[in-house]
Amino acid sequence: MDLNTLMTLTVNGLKDKLREIGISTTGQKRELQDKLLQHYGLSRNEPSDDELSRSVYDDVQECNNPQSSQSFVRQQLFTLKDLGDCVSSFTGEGSVDIRFWVNEFELNADIVKWNDLQRFVYGKQLLRGAAKLFVRSQSNVSNWENLKSALITEFGAKLCSSDVHKLLKNRLKNSNETLREYLYSLMEIGKQINLDEASVIDYFIEGIPDSRFNKSLLYQAKNINDLKEQIKVYEKIRKSNAGIGKVGTNESRKESNLSIVKPKEESVRRCFKCGDKTHIAAQCPQKQFKCFKCNELGHRSFECKSKGKKTNEPKKEPSTVNMLSDNIFQPFINSVRDGLHFKTVMINDFRFEALIDSGCSLNLIRYDTLLLSGAGNKLTNDRRKLYSACANVIETIGSFETLMQVDELSLNVTFHVVKENDIQFAGMIGKAILKDVDIVLTEEEVVFKDKSLSYKPKVNNNQTQTVEVDSKVKVVTPEKWIQEFDVMSLNELEEIKTMDVKHLEKSLAKNVENLVNRYTATGKCVSPVKMEIVLSDEVPVYQRPRRMSFEDRCFVDKQIEEWLRDGVIQISNSNFASPIVVVPKKDGRKRLCCDYRQLNKKIIRDNFPMVVMDDVLDRLQGGRVFTTLDLANGFFHVPVEPKSRKYTAFVTRDGQYEFCVVPFGISNSPAVFCRYVNAVFRALIQKGTVITYMDDLIIPSKDENEGIEKLKKVLQVSAAYGLKIRWTKCQFLKRRVEFLGYVIENGTIQISEEKTTAVKNFPLPSEKKSLQRFLGLTSYFRRFIASFAV
């Protein structure tokens, strides 16, 4: 038997041969082969040591005929695995342009001298997702040129400039990537539209989670090379300030409350009973604890009743400029500290100064302070609205619960996060903290006291409040024991009716305010319209609930609970079920929507004649004074027929519900709502008192007095039908108003500046799709442009 025949035998064939010659058949295939080789006196063709030591790339320089495909297939010099991450994959989705990917692939292929067959095979291996499925679906793709042409034809739509700018704006620096990695990723995205270096620098600086003052060094860069040099300096500064906000010793923690900054002492191991450096507590000869606050024996520092050692140092006046010390974080924003009381608090081993404000109902923290502290990795969806005494509104972006340490007390506190521009301070401690501790305020300091050790106030005949802090000290404070200023008096309100009437005379403004304040949506009248859904067939439409993040699930649960409480929805047992989606709004909040696309295919359309916008504008030319009203949740004013509610059913992970009022997303909802508005205001529309377009109402009049009378009639009808109005978007008795994107003034109609700005900022169309978008935008103003169609 020769060697080649023996090496081609299977395991069963080897065992048969071994049985024929009477040799044991136990062992693996290689062992069986070795037994037969030994019996026949044969040996394996093992490579020599010289052959094993020879590299597969030794003959790269000896290849003199790179055009020969056959030789390249036979001795394949570089494989796809050798290139590693030099060539990226392509999915057909996302921010990677197919032309950019093809150029990158061909550049690397030219370097390693791949032939057409290798490019075709390796190119297909780099495809993922939709691109991979697309190539599989094609039958005429047999070489690299066909593959390249097919991919460019299918995925060749270029990203427009606005899409790239959105990607750059949303691309923030990740915590696990360096600044240079972040910069290069932005440059790669901007390369697709040849973005200028100044724009890349702006997006780079905005995406770094740090305060603007700390990033001010980076703003000095004029180009990418300058930016790289500034990054080195910035990293050195941040590295040297890495200890900012971290925990220091007990003494430095106390002294930080008085804004006295001392150099950080070297960490030395001491006895925690007496403070001696020569031994530890287990070897301490003292039987009593020593107080490191007053240096007396018999008690500890947190039990000490004295105010500490007195020094002859002159009293330092508090600075009126915010400074960043080595121990405490403060934002770099001008603020007057005189008359305001701050307290150094610590969360997650990070210290910062917080304003003590009894006028604020919540505990607030800025977003940049949150990032520096490292706390609150997962914010809840608990968003609140805070209103100042000046009617300014601040919206929080979420909340988190954490352990806060202050005055040797550990408190479980809920902080609500606000944007950097909303408040001037790193944080604010509001009235919510008073449920856990009592606060004693003096002219010099703020002391947090445990409620179990709380003081008892005594009121004397002079109507002043005497607070007994301890047996030695008495502090007299005014009735309002924290001085606040108007802007920081933030309180959470259920609803506030704010309106702009500064342009009116006092008498007219008072009349408008009285009408608005007395407005109550009683809903005494029955709705004249109900939504009836008619389907082409009764085959149920059912889809499973979609997966969503934990944050979105919490938002959905809260929204469902609110809708059930308000009677917007009810529990359903319908055979129909549509999925829900959570859609972000422009202001960062979220909206719960239902995906009724499958149901809409079966709905017979309601052909109610919609109002033509040009007709609405023509009817306004006779007015001189205008009032606009905006309905809140317009569709929710229209009820759904009980028999049709089963069609609106939607499903969540916790159950199935159906709408009692007209929902968003159904194809007939706008037509039904227009029919409802016309029915409610039919008499006033016929008299010209009010003009309606969807949920926008406008009241034209010749003067302010006529406008007041017409507004009173409209509000009476609105209250009778229970219409809810969004007062913040209303305009009262103005001679210049914006309505449906136009400016109406003195009997003329003009284009609003916002719309013209959108046209000016529209990127130059470079393909058919972008040109269609541009024409769609400019067609909005065709009535103002002569020969627009030409």
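**Exercise 1.** Find what share of the contacts in the chain between residues at least 6 apart in sequence join residues at least 24 apart.

Solution. Take contact as heavy atoms within 4.5 Å. Among contacts between residues at least 6 apart in sequence, 61% join residues at least 24 apart. The model is predicted: local features need pLDDT of at least 70, side-chain atom pairs count only at pLDDT 80 or more, and totals for chains, interfaces and linings use all residues. Residues are numbered from 1 along each chain as its sequence is written, and side-chain values use heavy atoms, with hydrogens and water left out.

**Exercise 2.** State which residues of helix α2 (residues 11–20) are buried, and why they line one face of the helix.

Solution.
- Helices are DSSP runs (H or I, at least four residues), numbered from the N terminus.
- Buried means under 20% relative accessible area and exposed over 50%, with partly exposed in between (1.4 Å probe, protein chains only).
- In α2, G13, L14 and L18 are buried.
- Seen down the axis of α2, these buried residues fall within an arc of 135°, so they line one face of the helix. The arc is that of the directions from the helix axis to the C-beta atoms.
- An α-helix has 3.6 residues a turn, so residues three or four places apart point the same way.
- On the other side of α2, N12, R19 and E20 are exposed.

**Exercise 3.** Identify what covers the buried residues of α2.

Solution. The cover includes α1 (3–7) and α3 (29–40). Just after α2, G22 takes a positive phi of about 75°.

Technical notes
Helix = DSSP H or I, 4+ residues; strand = E, 2+ residues; numbered from the N terminus.
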